[in-house]
Amino acid sequence: MGSVVEGKGLTKHFGEGDARVVAVDHVDIAIEESELVMFMGDSGCGKTTLISLLGCILTPSEGDVWIDGEQIDYANHDLSQLRSEKIGFVFQLFNLIPYLTAIENVMVAMDIAGLRHDEAEKRAAELLTQVGLDQRLHHRPAQLSGGEKQRVSFARALANHPKIIFADEPTANLDSRQGMNLMNLVRELRHEHRTTIAIVTHHEGLKKDADRVIQMKDGQIVSV
Amino acid sequence: MNGMRIQAQQYPKFTGANIWISAEGSGSAFIGFSLLVPEHLPYLDHALPLKPKSASPLVFAQARPVIRGKLGKAIVVGYKSGKLGGPTQFELTEGRLFTASEYEEWAEADIPLREVVVDEKMDLEIGERILIGNKDLKVVGKAKSLMFVLDTPLLFMDLRTAQEVLLKNSLHVNMVIAQTAKGFTPERAAKELEAFDAEFKTIDVRTLEQTLGDIIDTYVDEPMKAVQFLRVMLWLAAGLIVGMITYVTTLEKTQEIGVLKAIGASNFYVAALISKQVILMSVIGVICGLILSYIFAVAAPIFVSIHPIESGIVVLISFVVCCAGGYLAGRKAIAVDPMVAFRGEM
Ligand SMILES: Nc1ncnc2c1ncn2[C@@H]1O[C@H](COP(=O)(O)OP(=O)(O)O)[C@@H](O)[C@H]1O
Ligand SMILES: [Mg+2]
């Protein structure tokens with residue numbers, strides 16, 4: 001299996017009885033190395049739930065996940081370590097730590113992975129330069145624009161050389177110009193650094209760059 | 001607390017007496033009502049267990065002196081100059097000792113000059129007059145400060161003056177203090193004197209140790225029970241506040257913790273992070289508390305002395321309480337769902 005991430009029969013439901021919601025319904029999916037995969041679909045169709053399952057934040061109700069060819073054993077696997085080492089996340093609402101500077105926010109991810117402080121500092125500066133923020137290393141989130149914050153998020157997601165980055169509607173809280181800029185960054189990461197990216201977005205402009213556009217409806221994949 | 005303890009012991013220790021005699025059944029002159037007729041006790045001057053002629057009759061009574069028109073509180077100590085119970089001329093910081101009444105035989109007609117030696121901290125001048133029970137006394141000297149419990153100053157005067165001023169000139173005293181003879185421990189001396197008195201039942205004899213114990217029990221430990229209770233309540237309240245603060249700060253951090261977990265932080269990492277913050281907070285809190293308590297001790301309306309071991313215990317307790325708060329907060333943090341990273345905003 002050459003897939004970076006694979007899910008088989010993935011199902012996730014929330015609640016019980018009348019309140020039971022099937023957020024993801026028997027989904028089979030595989031994401032290959034260096035792929036740029038786009039997830040699209042109406043709000044509430046299960047996109048966030050699906051990438052949380054693939055990103056090992058959520059435990060599926062049914063089905064299995066493989067990361068880098070290894071099947072996840074939910075009872076015994078240290079999922080936090082797995083996330084730290086192999087997966088990067090970018091969130092819709094940035095979720096940078098407000099009292100830390102841009103570089104410190106990136107370094108936190110490396111600290112979690114146990115990287116030495118001086119090495120972390122060096123690598124964090126490189127990553128921020130790579131996402132075009134070499135002039136903003138010591139700014140706090142409040143001093144950054146939405147687009148800049150999301151660039152810091154990408155740098156943080158890249159911190160520990162992940163196998164894949166999951167980005168959940170990274171442009172939803174940006175204006176269109178900043179959204180375009182961020183999409184340029186995604187293209188750049190894809191073409192120049194061959195990063196594997198799974199992105200939930202409504203950005204039509206990214207469609208032509210994506211290797212695959214996955215359309216979801218009611219917890220299922222309807223077209224690829 | 002500790003300040004009261006020190007003050008309770010100050011005067012009895014100062015006297016140098018190790019045998020304290022009060023009326024039978026009074027339970028010591030500091031506690032109950034004790035009146036003795038010293039004429040009944042001439043044998044004390046020659047009693048084998050006591051140093052010859054060391055027995056000193058004493059009036060020791062609470063009084064409400066009027067000082068510059070203001071009612072104050074004080075303890076009147078009447079003693080014979082040169083005997084145990086009050087300062088000698090050399091122990092004064094200013095002025096002179098009262099004029100001693102020149103009598104061998106006790107007589108009600110023998111009324112000495114009304115002179116008093118005051119505590120140096122009383123802010124009185126030599127030559128000034130104070131009133132005790134409508135009788136005015138002249139300040140002739142100042143003694144090194146020897147406050148009794150709750151900053152009560154001592155007023156030293158001749159035994160006869162004290163009797164005249166406080167006891168309607170009757171020839172009673174409140175206690176007799178003495179020192180043991182060579183070769184007698186205070187315990188043995190007390191026992192033998194009590195044995196001698198067994199058939200008359202006029203006196204209680206106590207050692208200095210027992211007397212100090214009595215004073216501390218009555219003036220410090222008993223009244224302090226209420227304070228002790230308040231203290232415990234204070235600790236609970238403080239603990240609760242610390243707990244609440246840590247709880248609220250952790251709740252505030254839910255989003256942050258969720259994000260950290262989403263990007264790979266283990267439960268251990270999160271718990272360590274919270275513990276670090278809680279410990280830092282408690283160290284700062286405890287240091288502030290200690291500094292403040294020393295500052296307030298100086299400004300307190302009564303003499304407060306901070307006992308290093310007591311402060312140590314207090315520091316330990318606060319630390320334990322803070323750590324308990326931290327532990328609860330840590331558990332709360334561990335339970336945070338990393339999915340919050342996808343929903344909320346920091
Ligand atoms: N923790 C949860 N508890 C209950 N229902 C949930 C929970 N998370 C998601 N859902 C439900 O699952 C469905 C899919 O949600 P989500 O994956 O967030 O959709 P999308 O990201 O495509 O908008 C929705 O109906 C949502 O209400
Ligand atoms: Mg979503």
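Buried area is the accessible area (1.4 Å probe) that two parts lose on being put together, summed over both. I worked on a predicted model, in which local features need pLDDT of at least 70, side-chain atom pairs count only at pLDDT 80 or more, and totals for chains, interfaces and linings use all residues. Residues are numbered from 1 along each chain as written, chains are lettered from A in the order written, and side-chain values use heavy atoms without hydrogens or water.

Entry 1, the interface. I looked up the area that chain B and chain A bury between them and got about 1900 Å², with 65% of it on carbon and sulfur atoms. For salt bridges (a side-chain nitrogen of Lys or Arg within 4 Å of a carboxyl oxygen of Asp or Glu), I noted a count of zero between chain B and chain A. I then looked for polar contacts (N or O atoms within 3.5 Å, one able to donate a hydrogen and the other to accept it; residues adjacent in sequence count only if both atoms are side-chain atoms). Six residue pairs across the interface of chain B and chain A qualify, both residues at pLDDT 80 or more.

Helices here are DSSP runs of H or I with at least four residues, and strands are E runs of at least two, numbered from the N terminus. The most come from α5(B), with six residues.

I counted six helices and ten strands in chain A.
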